[in-house]
Amino acid sequence: MSLHLNSADIRHDTHAVVETLCRFAAGIDLRDRALLSSAFTEDAISDFRPAGAKAGFEYPVLQGREPL
């Protein structure tokens, strides 16, 4: 399977990723739950168990926008 992306597609996708990361970071920094939530899809899954284990604590798997 070959993937053919033109520069407009790449710019659009890059912008979408950067914009989402900015909403995520600003939501955390500003403690704005609505802004933070907007960075996730409705069916998002957060699984930081491996990183938590390295830090010595248990991190639950969170599923869905609201728990995140």
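Glu-19 is partly exposed, with a relative accessible area of 35%, where buried means under 20% relative accessible area, exposed means over 50%, and partly exposed lies in between, with a 1.4 Å probe and protein chains only. This is a predicted model, in which local features need pLDDT of at least 70 and side-chain atom pairs count only at pLDDT 80 or more, while totals for chains, interfaces and linings use all residues. Residues are numbered from 1 along each chain as its sequence is written, and side-chain values use heavy atoms, with hydrogens and water left out.

The side chain of Glu-19 meets that of Arg-23 in a salt bridge of 2.8 Å, N to O; a salt bridge is a side-chain nitrogen of Lys or Arg within 4 Å of a carboxyl oxygen of Asp or Glu. Both residues lie in helix H1, 4 residues apart, which is about one turn of the helix, and helices here are DSSP runs of H or I with at least four residues, strands being runs of E with at least two, numbered from the N terminus. Arg-23 counts as buried, because its relative accessibility is 18%.

## The other salt bridges

The structure holds 3 salt bridges. One of them joins the side chains of Arg-65 and Glu-42 at 2.9 Å, N to O, and this pair links distant parts of the chain, since Arg-65 is in the segment after S2 and Glu-42 in the loop between H2 and S1, 23 residues apart. Arg-65 counts as partly exposed at 24% relative accessibility, whereas Glu-42 is exposed, with a relative accessible area of 57%.

Asp-47 and Arg-49 also meet through their side chains in a salt bridge, at 2.7 Å, N to O. Asp-47 is partly exposed, with a relative accessible area of 36%, and Arg-49 counts as partly exposed at 46% relative accessibility.

## Aromatic pairs

A pair of aromatic rings is described by the distance of the centres and the angle of the planes. Rings of Phe, Tyr and Trp (its six-membered ring) pair if their centres lie within 6.5 Å, and planes under 30 degrees apart count as stacked, over 60 as edge-to-face and the rest as tilted. By this rule the count comes to 2 aromatic pairs. Phe-24 and Phe-40 form an edge-to-face pair, with 5.8 Å from centre to centre and 75° between the planes. Because Phe-24 lies in helix H1 and Phe-40 in the loop between H2 and S1, this pair ties together parts that are 16 residues apart in sequence. Phe-24 is partly exposed at 33% relative accessibility, and Phe-40 is partly exposed at 22%.

The rings of Phe-48 and Tyr-59 have centres 5.5 Å apart and planes at 90°, so this pair is edge-to-face. Phe-48 lies in the loop between S1 and helix H3 (49-55) and Tyr-59 in the loop between H3 and strand S2 (62-63), so the pair ties together parts that are 11 residues apart in sequence.

## A buried serine and an exposed arginine

Ser-46 has its place in strand S1 (residues 45-46) and is buried, with a relative accessible area of 8%. Leaving aside residues up to four places away in sequence, Ser-46 touches Tyr-59, Pro-60, Val-61, Leu-62 and Leu-68, where contact means heavy atoms within 4.5 Å.

Arg-31 lies in the loop between helix H1 (7-29) and helix H2 (33-37), and Arg-31 counts as exposed at 78% relative accessibility. Most residues other than glycine have a negative phi. The phi of Arg-31, however, is near 55°, a positive value in a residue other than glycine.
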